[in-house]
Amino acid sequence: MGSLVKQRVLRTIILLVLGVYFILPLIAMAEFSTRGKAGERSLDSWTSIVDDDGLMEALVNSLLLSVTSAVLMLVLLVPTMAWIRLRLPQLQRLVEFVCLLPLAIPAIVLVVGMAPLYAWVNYFFGDSPLTLTFAYTILVLPFAYRAIDAGLAAIDLKTLAEAARSLGASWFTVLWKVVVPNIRVALIGASLLSVALVLGEFTIASLLNFDTLQVQVNLLGKRNAGVSIAVSLLSLLFAFVLLFALSYVGQRRRQTVAEEEIPPGSN
Amino acid sequence: MTSVAPVAAAKPGGPTRKSGAAGRPSAAAWLVAVPFLAFAGIFLVYPTVLVLIGAFQDTNGTFTLDNLTNLFKGVYFDAFVRSIELSALTAVIGAIFGALLTWAIAVGNPDGMLRRIVVAGSGVLAQFGGVPLAFAFLATVGFEGLVTKFLRDNVGIDLFAGSAWLFELPGLTLVYTFFQIPLMVIVFLPALDGLRPQWREANASLGGTSWTYWRHVGGPILTPPFLGALLLLFANAFSAYATAAALVSQGSPIVPLQIRGFLTGEVVLGQENLGKALGLGMVIVVSIAMGVNVLLQKRVAKWVR
């Protein structure tokens with residue numbers, strides 16, 4: 001049993017050292033954002049989050065974007081992927097390739113090509129930050145694809161669809177009343193991932209000159225580090241809550257959840 | 001970044017096709033895929049092609065290789081070398097410490113709180129760190145950071161005695177470990193979960209020690225996923241932009257920041273397409289890392305069978 005004791009000691013050391021390594025910055029953020037002008041503790045940085053109009057506007061933009069991007073992603077992917085499994089297996093590889101392609105193209109490269117494209121987008125749709133929905137839907141494709149694909153693989157889609165069709169359901173009814181409820185968990189997972197990703201996105205928004213949360217945080221940091229650090233801490237904690245919730249949503253598929261959460265390089 | 005794509009899922013329903021349902025798809029059947037393909041075509045394929053073609057064009061749109069040859073000269077070449085060094089170094093650090101952390105949670109209770117917290121926290125840092133990570137660092141080891149102040153006031157060490165290292169390559173290396181280690185946890189955990197307890201028991205019942213287990217069983221099984229994760233971490237660090245952009249506002253030590261310079265207009269006239277060439281260079285480096293990964297996993301899949 002000597003090796004078991006050794007294992008326990010080693011495990012404790014690793015968890016302690018890395019735990020401190022990762023928690024220290026969080027503590028530092030809490031400390032830094034509660035510094036007062038004269039060295040006392042103060043919540044000024046935290047209260048001025050709400051007072052800062054630019055920041056609140058950017059936050060609203062980001063929240064709206066996280067919804068619109070998740071919706072567009074679901075509308076584009078779910079019918080297409082279900083249909084491919086049912087009727088168009090020929091397209092399986094192409095769609096998979098397209099969905100995973102954003103992983104091979106860093107966002108910083110994609111934005112180089114998107115800059116001229118967005119001149120057109122803004123011409124047709126106005127220059128609202130919500131036009132970022134298009135770019136963000138692309139960014140979330142790989143994660144959404146994996147989550148939805150795992151969901152579809154877990155049900156007997158063909159049989160379900162044939163049963164519904166033989167009872168006279170239209171294809172739309174099949175999609176809405178059979179497919180969607182059966183892969184609900186996967187859809188929630190895909191949506192949560194894309195919400196978190198959109199809220200954290202900086203590269204494309206900043207280089208296309210749109211005001212989103214992360215862009216404002218970065219800008220604000222130049223004159224008032226305290227507020228930026230407070231918002232940063234808040235957004236890290238918020239993302240943590242989202243992903244922590246996701247770990248319960250995906251309970252039944254614990255193994256696949258770990259694989260889904262593979263990064264986009266929003267760093 | 002993609003890992004060993006866990007994608008080719010088994011198709012339910014078996015290979016037998018019912019007549020009619022999935023015969024030759026009609027023209028109308030193809031139409032369903034049009035919205036998705038059109039969208040991806042416009043917002044993914046078109047911008048990508050624009051970059052790839054632009055890399056071979058001068059300002060007038062004529063074919064040229066000048067942009068690409070410039071990649072091998074002066075600041076641009078240096079930026080590539082630095083980017084690759086930074087990515088390789090943080091990939092190795094991330095892979096080693098990440099693997100240790102993964103092991104520490106994998107041997108624990110699979111439904112335990114500790115594991116959930118580490119996995120969710122890793123997801124946050126690996127995927128959504130970006131700008132917040134840069135500020136986490138300013139708060140910790142910036143000029144007025146918690147650790148900086150503590151060391152200065154209580155220990156007498158000035159972290160910035162040498163230089164403003166946090167805003168240069170050493171600082172980037174340190175910050176990058178904060179998303180590389182978590183990424184390793186996420187990518188490597190499924191591999192460690194795949195180790196069966198029975199193997200360990202078999203090793204013990206045959207008189208093996210911990211060492212023989214890792215030397216002859218665990219090690220060989222985990223080597224391919226470890227190398228795959230290493231390549232993935234490399235590609236991830238190489239593509240990363242937000243943290244570096246928030247931290248480094250002057251100068252462009254690495255390629256993504258060089259590209260920023262081209263997009264924000266700090267460019268010599270007539271060299272606009274050089275930014276696209278830099279983009280092409282990045283895509284090539286990332287594709288090589290991921291291509292090697294795919295080959296590696298394919299080989300392994302063959303010999304595991």
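**A pair of helices in chain A**

Modeller: In chain A, the axes of helix H9 (residues 184-200) and helix H12 (residues 225-249) come within 10 Å and cross at roughly 170 degrees. Helices here are DSSP runs of H or I with at least four residues, strands are runs of E with at least two, and both are numbered from the N terminus. The axes are lines fitted to C-alpha atoms, for helices over the stretch in contact, and angles run from 0 to 180 degrees between N-to-C directions. H9(A) and H12(A) are therefore roughly antiparallel to each other, a label for angles over 145 degrees; under 35 counts as roughly parallel, 65 to 115 as roughly perpendicular, and the rest as oblique.

The model is predicted: local features need pLDDT of at least 70, side-chain atom pairs count only at pLDDT 80 or more, and totals for chains, interfaces and linings use all residues. Residues are numbered from 1 along each chain as its sequence is written, while chains are lettered from A and ligands numbered from 1 in the order in which they are written.

Which residues in H9(A) and H12(A) meet? From H9(A) they include A:Val185, A:Ile188 and A:Leu192, and from H12(A) they include A:Ser235, A:Ala239 and A:Leu242. Contact means that C-beta atoms, placed from the backbone, lie within 7 Å. The residues of this contact divide into 12 nonpolar, 3 polar and no charged. Nonpolar covers Ala, Val, Leu, Ile, Met, Phe, Trp, Tyr, Cys and Pro; charged covers Asp, Glu, Lys and Arg; the others, Gly among them, are polar.

Beyond this pair, the largest nonpolar core has 165 residues, of which A:Ala144, A:Ile148, B:Met184 and B:Leu233 touch the most other members. Such a core is a set of buried Ala, Val, Leu, Ile, Met, Phe, Trp, Tyr and Cys residues joined through C-beta atoms within 7 Å. Buried means 20 or more other C-beta atoms within 10 Å of the residue's own, exposed 12 or fewer, and partly exposed in between, with C-beta atoms placed from the backbone. Leaving aside neighbours within four places in sequence, the contacts of B:Leu233 include B:Ala91, B:Gln180 and B:Met184.

Chain B has 13 helices and 0 strands, and buried residues make up 42% of its 305 residues. Its contact with chain A takes 84 residues from chain B and 86 residues from chain A. Helix H2 (residues 34-54) of chain B gives the most to the chain B side, with 11 residues. By class, that side has 61 nonpolar, 18 polar and 5 charged residues. The buried residues of H2(B) include B:Phe36, B:Leu44 and B:Val51.

Key. Two residues are in contact if their C-beta atoms, placed from the backbone, lie within 7 Å.
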